[in-house]
Amino acid sequence: MRRSLPALLGGVVGVAVGLVVLLPGYVGLDRVTPFVQLAALTPMVLVLVAGSVFVGRLAGVLVTRRRGRRPLDERRPRLFAVGFAAMVGAAVVALGAAGIVGSRFLADEPAPPGRSVTVLSVNVDHGQADVGALAALVRERAPDVVVLPEGGDTFRTRLAPLLADYRGVSAPAVEDGGSTTLLTRIDVGPVQVLRGQLFGSLATTLPGGVRLLAVHTAAPVSGQVGMWQRDLADLVAPACRAGAPAVVAGDLNATTDQSAFRSASDGCTDALETVGAGTTGTFPSSLPRWFGVQIDHVLTTGGVGVQDGEVLDLPGTDHRGVLVRLSLPG
């Protein structure tokens, strides 16, 4: 047993280091590069690690069988240490996956029927999304509000003739990539332009006094992490913490596994998680839904309930859309 102690300690240290790598957003390390980016990939990393552990263990067993076996007494200490470390590591991965990923499959009770509003949000990728396909989707699903990050005056001008029932505002007046477009087929209040660190966002009032924010934050890439954090703090957090009825929809460039997003959205409910779709990737659309990251959100607070929701594919953009039906208070 004495000979197995170094291996045992090494296994424990390896598990501790693995925790930091696997769960940076839950141990306070995801405020700087590269941990802030790694935190967004937590579900993907858990899947890869679990698969790697299984394949590695299977390969080790096969190699041992091919090379022959040493006497059991010589192998027992090492087998104990390796087995213990493997079990601890597997337990950590399993618990992490169950708590961080598994819980997002569980749907809550839908909001009771009442006055509802349907919101569609999709990043149109610098105006490259297929205008015809988007118009067809809007006509088919008939959302009351459409939020289009990275869609500006140019994209809206191309889309408008296909959606005669909708009124639109784009701001700020720059190229598609820096703008956000808001389309509505219901009466809303005056539209206010909110300037983020890099992108334009919009705010208005839905029927019943519900504040709607169409938000596009900076991305937490190297050199922009501070901008991203400020956008979350300035655009998302005030709405979620005010306690008044509000909806935040758009490309937030953040996942639930990033602590800055969890802090900013404290007080809000994520619509996709509420309907059990919290693991569906919205970016990039080139990856399978189960392997992407969910950075496009519709958040609600102040008594705004979620009746149902889903993630939709749209050609021409690297994002998937988020469509939710909300129940307004009162």
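The reply below goes through the strands.

Modeller: This is a predicted model, in which local features need pLDDT of at least 70, side-chain atom pairs count only at pLDDT 80 or more, and totals for chains, interfaces and linings use all residues. Residues are numbered from 1 along each chain as its sequence is written, and side-chain values use heavy atoms, without hydrogens and water.

Strand E1 spans residues 116-121, and five of its six residues are buried (under 20% relative accessible area, 1.4 Å probe, protein chains only). Strands here are DSSP runs of E with at least two residues, helices are runs of H or I with at least four, and both are numbered from the N terminus. A pair requires at least two DSSP bridges.

E1 has an antiparallel partner in strand E12 (residues 321-327), with six bridges between them; in this pairing Ser-116 faces Ser-327. E1 also runs parallel to strand E2 (residues 145-149), joined by three bridges, and there Ser-121 sits opposite Val-147. Between E1 and E2 the chain passes through helix H5 (residues 131-141) in a right-handed β-α-β crossover, meaning that the path from the first strand over the helix to the second is clockwise when the strands point away from the viewer.

Elsewhere, six strands form an open sheet with mixed pairing, in the order E5-E6-E7-E8-E10-E9.

Technical notes
Buried means under 20% relative accessible area, exposed over 50%, partly exposed in between (1.4 Å probe, protein chains only).
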